[in-house]
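Take a look at the model below before reading on. The paragraphs after it lead from the overall fold to its details.

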Amino acid sequence: MQSLHELYRIGVGPSSSHSMGPEAAAKKLLCLYPDAEFKITLCGSLALTGKGHGTDTVLNRVLGDKVTVIFDTDTTDLPHPNTMFVSVYQGGNEIAKHTVLSVGGGKICFVGEEIASVPEIYSLNSFEEIKAYVKANDMRLCDYVFETEPDMKEYLYTVWEQMKSSLKEGLDAGSGELPGGLKVLRKAGYLWHGKHIGETPEIAENRKICAYAYAVAEQNASGGVVVTAPTCGACGVLPAVLYYMKRDKKYTDGQIVNALATAGIIGNLIKTNASISGAECGCQAEIGSACSMAAAGLAELYEMDIEQIEYAAEIAMEHHLGLTCDPVAGLVQIPCIERNAVAAMRAINAVNIANFLTYTRKVSLDTIIRTMYETGRDMSNRYRETSEGGLAKNYKSS
Ligand code: SF4
């Protein structure tokens, strides 16, 4: 598996695959060919939802008038659902061609170069292998991360600071409209300051966790800076649960960093053995993965044992199986923002169940990750970030 640097990326929303990845590709192209002009043809999901996700805006922002962006919804024989074909011109002549894949979580692959560019840092690639290793060495999952990547603790402090900033900015952002034309209002502040009639402390806690998830997801939808956890569309789930434990339950930043490491292992396993891309496997790969990561992180904070952490992460993924990606108008707003809040609550429920029922379980985390991938590959293309089916098709504004 690759470094957690590759999983937790800090960048501009609203979409890790549709804005963050293309932005990275454009920057690399500019580096390779500072004096050239570019024709970038967006295909697959990038063509179908790229306008709503601002892919052309990002490319224009980096490459200015040196780029022509084409949305090609006709080509279907593609190496990946998020494919960009790049032609590079100098003096009117084509001097190079690249096929660039935006494979999820902000990661890009220039076809033919990807093997050399990202080293595999972790030698163990399944939860079973990792579990055996940490048990044999009497360590926790987060220790395995810090043993494998000694610089990771420092980076995770940076990640945590950014998660907190995104969340606080979202809570303080007022109630204005999010960009894109759907007239979706920001609701984090409303949830945060609201109160149910006869609100109990427990219901207030649930309301606050939802407000935290909305805050980060709304920052993402407005093109703010977020951390992919594991993607932009699902960036609110993990920070919401962790911020609740920090602010409301008084856990320390050091403990939260350990939780981020544990959550990172889960995200990395899903990324390696399945997918974290909505265009490849539907929303189960984004929100399901985020929920699984948040459940593992929370279980780490509660110092649950490795079997309980596994079960919490497994439950969180199992009950997202089949979740479709059908963002209305190609924007990362409906159903995405609300879905972050629902998944944060589900992560907490998964940990509660795991706390009591771990030793009755029948399904391993590795099995559910494999199942998620197979389910995603079996899904109709309409439900894999194309906005051609489901809610995106039936939505009518009221
Ligand atoms: S529906 Fe899920 S996978 Fe699709 S864009 Fe929204 S958050 Fe991402």
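This is a predicted model: local features need pLDDT of at least 70, side-chain atom pairs count only at pLDDT 80 or more; totals for chains, interfaces and linings use all residues.

Residue numbers start from 1 along each chain as its sequence is written.

Start with the whole chain. The protein chain holds 17 helices and seven strands. These are DSSP runs numbered from the N terminus, with helices (H or I) of at least four residues and strands (E) of at least two. The radius of gyration of the protein chain is 20 Å, close to the 21 Å that the globule rule gives for 398 residues, so the chain is as compact as a globular protein of that length. That radius is taken over C-alpha atoms, and the globule rule is 2.2 Å times the number of residues to the power 0.38. Along its principal axes, the C-alpha trace spans about 65 × 50 × 40 Å.

Now the helix packing. Two packed helices are described by the angle between their axes and the distance between the axes. Axes are lines fitted to C-alpha atoms, for helices over the stretch in contact, and angles run from 0 to 180 degrees between N-to-C directions. Angles under 35 degrees count as roughly parallel, over 145 as roughly antiparallel, 65 to 115 as roughly perpendicular and the rest as oblique.

Take H13 (residues 287-301) and H14 (residues 306-318). They pack at about 155°, with axes 8 Å apart. That makes H13 roughly antiparallel to H14. Residues count as in contact if their C-beta atoms, placed from the backbone, lie within 7 Å. H13 contributes Gly-288, Cys-291 and Ala-295, among others, and H14 includes Ile-309, Ala-312 and Ala-316. This contact has 10 nonpolar, three polar and one charged residue. Ala, Val, Leu, Ile, Met, Phe, Trp, Tyr, Cys and Pro count as nonpolar, Asp, Glu, Lys and Arg as charged, and the others, Gly among them, as polar.

H13 also packs on H15. Their axes come within 8 Å and cross at roughly 45°. H13 and H15 are therefore oblique to each other. The contact divides into 14 nonpolar, no polar and two charged residues.

H7 residues including Leu-156 and Trp-160 meet H11 residues including Ile-256 and Leu-260. Here the contact has nine nonpolar, no polar and two charged residues.

Which residues come nearest to the ligand? Of the 13 around it, they are Gly-233, Gly-278, Cys-283, Cys-325 and Cys-336. A residue counts as near if its C-beta atom, placed from the backbone, lies within 6 Å. The shell has eight nonpolar, two polar and three charged residues.

Finally, the backbone. Most residues other than glycine have a negative phi, and most peptide bonds are trans. The bond from Ala-229 to Pro-230 is cis, with omega near 0°. Pro-230 sits in the loop between strand S7 (225-227) and helix H10 (237-248). Another cis bond joins Ile-334 and Pro-335, with omega about 10°. Pro-335 lies in the loop between H14 and helix H15 (336-357). Asp-138 has a positive phi, near 50°. Asp-138 is in the loop between helix H5 (127-136) and helix H6 (141-148).

Definitions and conventions: Two residues are in contact if their C-beta atoms, placed from the backbone, lie within 7 Å.
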